[in-house]
Structure formats: C-alpha cells, structure tokens
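Hi there,

Here is the model I promised to send over, with the sequence alongside. Could you open it and keep it beside you while you read my notes below?

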Amino acid sequence: MSDTSGLITPALVDLHLAPADKSEALRSLAQRLVAEGRVTDLDGFLADVAAREAQAPTGMGDGIGIPHCRSPHVTRPSLAFGRSTRGVDFDAPDGRPADLVFMIAAPAGADDTHLRILAALAGRLMDPAFTGALREAESPAAVAALVNGEEAPAAAPVAAVDPETAAAPEADVAGGGLRLVAVTSCPTGIAHTYMAAKALELAAARAGVQIQVETQGSAGTTVLAPEVIAAADAVILAHDVEVRDRARFAGKPTVDVGVKAGVNRADDLIAQAAGLVAEAGSGASAAPVTAASAPTGEHWAQRLRKYLMTGVSYMIPFVAAGGLLIALAFAIGGYRIASAPSVLGHFDWTSSHSWAAMLFQTGKTSFGFLVPILSGYIAWGIADRAALAAGIAGGAVSVAVGAGFLGGIVSGLAAGFLVLWMIRWNVPRAIRGIMPVVVIPLLSVAAVGFLMFVLVGSPIASAMNGLTDWLNGLSGSNAILLGVLLGAMMAFDMGGPLNKVAYTFAAGALTTAGTTPDAGSLKVMAAVMAAGMTPPLGMALATVVRRRLFTPEERENGKAAWVLGASFITEGAIPFAAADPLRVIPANIVGSMTAGGLVMAFGSTLRAPHGGIWVLPLIGSPFLYLLAVAAGTVVTTAVVVLLKGLRKDAAPAAADSAVDGKVLVGA
C-alpha cells in the first residue's frame with residue numbers, strides 16, 4: 001500500500017478537465033473536494049492554494065502539476081486528480097503544460113501528513129509505468145485504485161540507455177561493484193527532492209550500480225550512515241540549496257549539479273560518477289565535477305540573501321536577550337550604570353544598583369557574542385559545520401578591530417566560501433578523515449584572521465564609525481525620511497527578507513548606541529518596532545470597523561492580530577496579505593511609513609530590540625511613541641477598508657447553497 005492510500009475516491013477524479021486557465025482548473029478540482037465534504041470553505045481554501053502558488057511554481061515538468069497547501073478549511077488529508085487534453089500552465093521548468101494535475105489538500109495541523117503525501121507522490125511520478133497508466137486510465141475508479149496503490153500499473157518498457165554512458169558503471173560492477181551515495185535537495189524540500197532521488201535510484205538499477213540516497217527534504221531525512229559514506233566510491237550531489245553537513249564527503253570524487261539534473265539526467269550523472277572513480281583509480285585527477293546545470297534553482301542574489309538571513313536568525317536571540325537586559329539595567333540603575341565596577345566580588349544582594357549592574361554586564365556579555373554568531377552562521381549557511389570555526393573566529397576578530405556587524409558579514413561570507421572550496425579538494429585517502437576536524441579549521445581560521453586583521457578590518461571599522469556618527473547626527477527631515485523608508489521595509493513582506501534587513505540594521509546600530517540617552521541609533525530601533533507593530537494592529541482594527549469586508553476566518557485572525565501586533569510580531573498580518581495581497585500590502589506599507597516617520601519626528605527612543613508594548617517603560621517619550629503607533633494603525637485600517645470597499649464583489653456572494661448536506665457551487 002502506498003502512503004497515498006485512501007486519500008482519493010472516484011468522485012475526486014476528473015478525466016475531462018477542460019479549464020481556460022490555471023485558476024479555473026484549481027477551482028474545478030477544489031469544488032470536488034467541497035462536494036465530498038473534505039473542504040468546508042471553497043474561497044478560503046482557494047486563497048490558501050493561491051498563497052502557496054505565489055511562493056514557487058508547482059509545475060514539475062513532463063506534463064505534471066502538483067498544486068497543494070495546508071488549510072484550516074480541510075477536514076482530512078485528500079487528493080483530487082484531473083486529466084486535461086489541452087493542458088494547464090503551472091510554470092513548469094520545461095515549459096510543458098500539465099495534462100496530469102494533482103491537488104493535495106491537508107488540514108492546517110497535518111504538516112507531517114501533508115509532506116509525506118507529497119514525498120510519496122513525487123517519487124511515484126518518476127515511474128513511467130505509473131504516469132503512463134494514469135494517462136491511459138479509462139475510469140475514475142481505475143485512477144483512484146492506481147493512486148491509492150490498490151492496483152499496480154502494467155510494467156513500462158525500460159528506457160534505453162546510451163551504451164557509452166552505461167559502459168563505465170557496468171565495467172566497474174563486473175570488477176567488484178560501484179558504490180555511490182547521493183544527496184538531493186530543492187528550495188521547497190518537497191517535489192524535486194524526492195523525484196531526483198527516485199530518478200537516481202532507477203538509473204542506478206538500470207546500470208547495475210549500488211546507490212543510497214539521502215533526501216534533505218521537508219518530509220524528514222534519513223541520514224547516510226558514516227560507514228556507508230566511507231565505503232562509497234563517489235558522491236552525487238543534486239541540489240539547489242546547500243547540502244547539510246557537506247564535510248562528510250570531503251576528499252571523495254563528487255558530481256555536483258542542480259536538482260533538475262538529477263531528475264532529467266540521472267543516467268548521465270551515474271556515468272559521470274563512474275568516470276571519476278575510473279580516473280581516480282588510474283591516478284588521474286578526480287576533481288569534483290560541476291556540470292553546466294550546476295545549482296541554478298536560485299539566483300545568486302537569492303542565495304546571498306539566504307546566507308545572510310541564516311546568520312541573522314541565529315543572532316536575534318542574542319540581540320533580544322542582551323538588549324532587554326541592558327534596557328532593564330538602565331531602567332533600574334540609570335545610564336551611569338554602564339560605568340559600574342564588575343559585580344564579580346562587588347555584588348550586594350540588597351542593593352538595586354548591584355542588580356542593575358549585574359543585568360547590564362550580563363547583557364553586554366550577550367551582545368559580545370552578537371557579531372561572532374552572525375558571522376559563524378552565515379558561514380554555516382554556506383558550507384555547513386566545517387565553516388563554523390572560521391566564521392566565529394572571523395566575527396570575533398571583527399569585534400576586536402572595531403569592524404562591528406558589517407565586518408561580521410564580510411568575515412562570514414569569506415569563511416563560508418573559503419571552506420566550501422576546501423571541502424571540494426581531492427586529497428589522499430590517508431588524510432580524508434582529519435580534513436573536517438583539523439586541516440579545514442586550521443587553514444580557514446588562519447586565512448580569515450589574516451583577512452580581517454590585515455586587509456579589510458580597518459576600512460570596515462572606519463565605515464562603522466561613520467555609520468554611528470551619521471545615526472547620532474540625524475535630525476529633522478533626514479530622520480523622518482529614514483523612518484519612512486524603514487517603515488516601508490518592515491511592512492512590505494512582514495517578516496521576510498526586507499523586514500529582516502530593516503530589523504538587522506536597527507539591531508546592529510543598537511550595539512553602537514553607547515550610553516547617550518538620545519542617540520540616533522535608539523530612535524532607529526524605536527521607529528522599526530513601531531512600524532513592525534502597525535500591520536497586524538491595522539488589520540485587527542479593520543476587522544472590527546468593517547466586518548463584512550472580511551471572511552469569518554479573517555475576523556478570527558483579527559482577534560489574534562491584536563496581541564501579535566502589540567507584541568511586535570509583524571507576521572500577524574500575513575494571513576490577511578495572503579488572501580488579498582493587492583489591497584493589504586499597500587495598506588500595511590502606508591501605515592508603517594506613517595508610524596516610522598512619526599517616531600523619528602517625535603524623537604522617541606528604544607534600547608530594547610523587541611517586546612512591543614511590554615517594554616513601554618524602556619521607551620523614551622512613550623506617549624508620543626504610542627501616538628505614532630496609533631496613527632499608523634488608523635492609516636492602515638483606513639486604506640485597507642477603502643481599497644476593499646472599491647471591489648465590485650465587496651458584498652458576500654450568495655452563489656453557494658447547501659443541499660442534502662452537500663455544498664453546490666453556482667455557475
């Protein structure tokens with residue numbers, strides 16, 4: 001039985017899907033789920049499907065589309081299937097319209113179930129017998145039986161393999177057997193990850209080669225055993241995101257390509273790996289091969305952003321803990337607490353001054369880790385665990401020379417790419433075992449230390465000093481414009497890359513604030529937090545002011561958005577933006593620009609990097625700060641109500657009716 005067993009019935013199969021476009025195809029399949037009682041709200045479910053489609057195309061290529069989502073409107077994990085003569089455009093990488101469309105629907109809380117369904121289905125779609133049987137099926141019952149694993153498809157002819165590409169592995173098998181290991185991964189960690197794994201397994205079987213594949217996907221990973229890696233003759237990495245713990249494969253002949261090559265050219269990759277093993281056996285160079293299609297799933301700018309966001313995500317807890325402790329210390333002991341002697345040996349249990357000094361010194365120590373952690377995990381995001389030592393050491397040097405968080409970014413990137421290059425070295429078998437624990441850390445730490453101490457540390461330190469002076473000197477229209485810009489960035493993607501850039505800028509500047517009560521960097525932090533609070537608060541207020549413009553689910557989300565917004569969790573506005581991005585996102589931006597600009601104009605300050613209204617005692621000019629947040633909230637509400645009110649279909653449609661417990665959708 002398959003992992004998809006029981007998820008589809010004949011009533012959920014449409015063998016004559018004839019949509020005019022993708023949205024019509026999605027609606028047609030969703031209506032079948034509604035009619036079967038597996039989806040409770042058609043429009044709400046379609047909004048969740050559309051939000052998933054906006055993240056990344058679900059066209060798999062070879063005429064297959066897999067639209068899917070997790071939704072609170074789904075009652076049980078389900079699968080609807082449509083077969084289209086004209087085809088549906090799901091933005092597949094090969095440009096081919098999908099004639100086989102699978103709509104996977106899972107309840108909001110069924111993450112593991114949802115991902116297992118996708119993984120199992122993606123793997124089966126690489127079987128030409130399975131897809132061929134679906135294209136030839138004559139009845140919905142036959143399709144349901146095939147997908148549920150109740151009926152085995154007839155065996156398809158084995159694809160012909162080029163004798164030249166097959167010769168190398170077959171020859172090696174005759175001499176004792178070629179053993180390969182592989183890793184597959186893709187940006188979403190679902191479809192292509194498992195399709196590439198299945199394709200490599202099928203290609204290896206055709207060539208008579210042993211292979212074990214580690215799928216680094218969202219449905220869980222079964223890590224390759226160390227003894228399996230040690231026994232492998234070569235490695236195939238088919239990935240569009242960085243391979244986790246890549247140092248395990250150091251020194252082994254490696255074929256390094258994009259995940260799509262794993263799906264479409266599996267036979268060729270097996271042959272390349274065999275060729276590398278043959279070259280290594282003959283004493284020729286067996287350097288890692290990077291095919292012309294090497295990781296192309298993400299643009300270089302997207303990869304760079306991902307590396308930076310990895311560092312930021314690990315840095316934020318240190319910023320939050322250190323910043324809040326320092327802010328509490330100032331609230332208890334005043335700004336002169338920064339010059340208090342060490343509490344080591346001078347702590348008085350009954351003195352508030354001692355407690356304040358302890359909080360300040362602990363927070364300052366936490367802040368001391370900020371740049372090394374940022375640098376270390378940027379490097380980790382690029383080259384995994386082997387790069388941590390060089391990244392953290394480079395960040396520490398950046399602090400020592402005064403280069404701050406800008407220096408940490410440079411040292412993290414340098415360490416990551418240096419180690420990534422070193423991992424690919426072809427080294428003698430005798431030293432492979434010590435490469436990741438001795439050789440790579442030794443050489444990379446020395447190289448990054450030289451870079452930061454001798455070459456780039458001083459120029460970056462000068463830039464940091466200039467940034468600090470600029471922030472502290474901001475006043476008038478310049479300060480307001482900066483607040484407006486940061487506000488727009490905070491609201492545009494609500495926790496996404498632009499939001500994180502604005503927050504990182506403010507948090508990094510916070511570390512340079514010193515003890516000046518009205519430093520410009522403290523105003524920047526206040527503006528960023530106010531702008532981040534505004535979107536969810538604005539949406540929450542809008543659901544109260546004009547209830548009829550929002551669905552029942554959105555009105556429920558609005559209740560939670562009050563708390564999320566008050567706590568500076570901008571992501572509380574995401575459900576509203578996913579359902580109606582063209583109206584919600586502009587409203588959020590205008591409101592946050594208002595809040596950010598007013599905070600800078602009022603001169604409010606903030607030493608804590610997080611907390612929302614819960615750190616109000618730590619905010620300078622707190623009443624003006626609250627006024628700015630309130631103004632931004634009202635503006636957000638006014639704009640979203642205006643934009644939603646302009647829709648021709650603002651009034652709830654009455655096309656649906658309930659008959660005999662079934663939901664019938666009007667034409």
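A word on terms before anything else: I call a residue buried when its relative accessible area is under 20%, exposed when it is over 50%, and partly exposed in between, with a 1.4 Å probe and protein chains only as cover. Please bear in mind that this is a predicted model, where local features need pLDDT of at least 70 and side-chain atom pairs count only at pLDDT 80 or more, while totals for chains, interfaces and linings use all residues. Residues are numbered from 1 along each chain as its sequence is written, and side-chain values use heavy atoms, with hydrogens and water left out.

**Salt bridges**

By salt bridge I mean a side-chain nitrogen of Lys or Arg within 4 Å of a carboxyl oxygen of Asp or Glu. The search of the whole structure turned up 8 of them. Helices (H or I, at least four residues) and strands (E, at least two) are DSSP runs, numbered from the N terminus.

One of the pairs is Asp233 with Arg179, whose closest N and O atoms are 3.9 Å apart. Asp233 sits in the loop between helix 8 (226-231) and strand 9, and Arg179 in strand 7 (residues 179-185), so this pair ties together parts that are 54 residues apart in sequence. Asp233 is partly exposed at 23% relative accessibility, and Arg179 is partly exposed too, at 37%.

Another pair is Arg248 with Glu214, at 2.9 Å between the closest N and O atoms. Arg248 belongs to the loop between strand 9 and strand 10 and Glu214 to strand 8, so parts 34 residues apart in sequence are tied together. Glu214 is buried, at 2%.

Lys22 and Glu53 also form a salt bridge, with 3.1 Å between the closest N and O atoms. Lys22 is in helix 1 (residues 22-35) and Glu53 in helix 2 (residues 42-55), so the pair links parts 31 residues apart in sequence. Lys22 is partly exposed at 22%, whereas Glu53 is buried at 11%.

**Strands**

I count two strands as paired if DSSP finds at least two bridges between them. In strand 5 (residues 78-88), 9 of the 11 residues are buried. Strand 5 runs parallel to strand 1 (residues 13-17), joined by 3 bridges, with Leu17 opposite Ser84. Strand 5 also pairs with strand 6 (residues 98-107), this time antiparallel over 7 bridges, and there Arg83 stands opposite Leu100.

Strand 9 (residues 234-239) and strand 10 are parallel, with 4 bridges, and Ala238 faces Val257. Which residues cover the two sides of strand 10 (residues 254-257)? Thr254 and Asp256 lie on one side, Val255 and Val257 on the other, and all are buried.

**Helix 24**

Helix 24 (residues 622-645) has 24 residues and reaches 34 Å from first C-alpha to last, close to the 34 Å expected at 1.5 Å a residue; the expected span is 1.5 Å times one less than the number of residues. Its buried residues include Tyr625, Gly632 and Lys644. Thr633 is in this helix and is buried at 8%. Leaving out residues up to four places away in sequence, Thr633 touches Thr534, Leu537, Gly538 and Leu541, where contact means heavy atoms within 4.5 Å.

Happy browsing, and do write back with questions!
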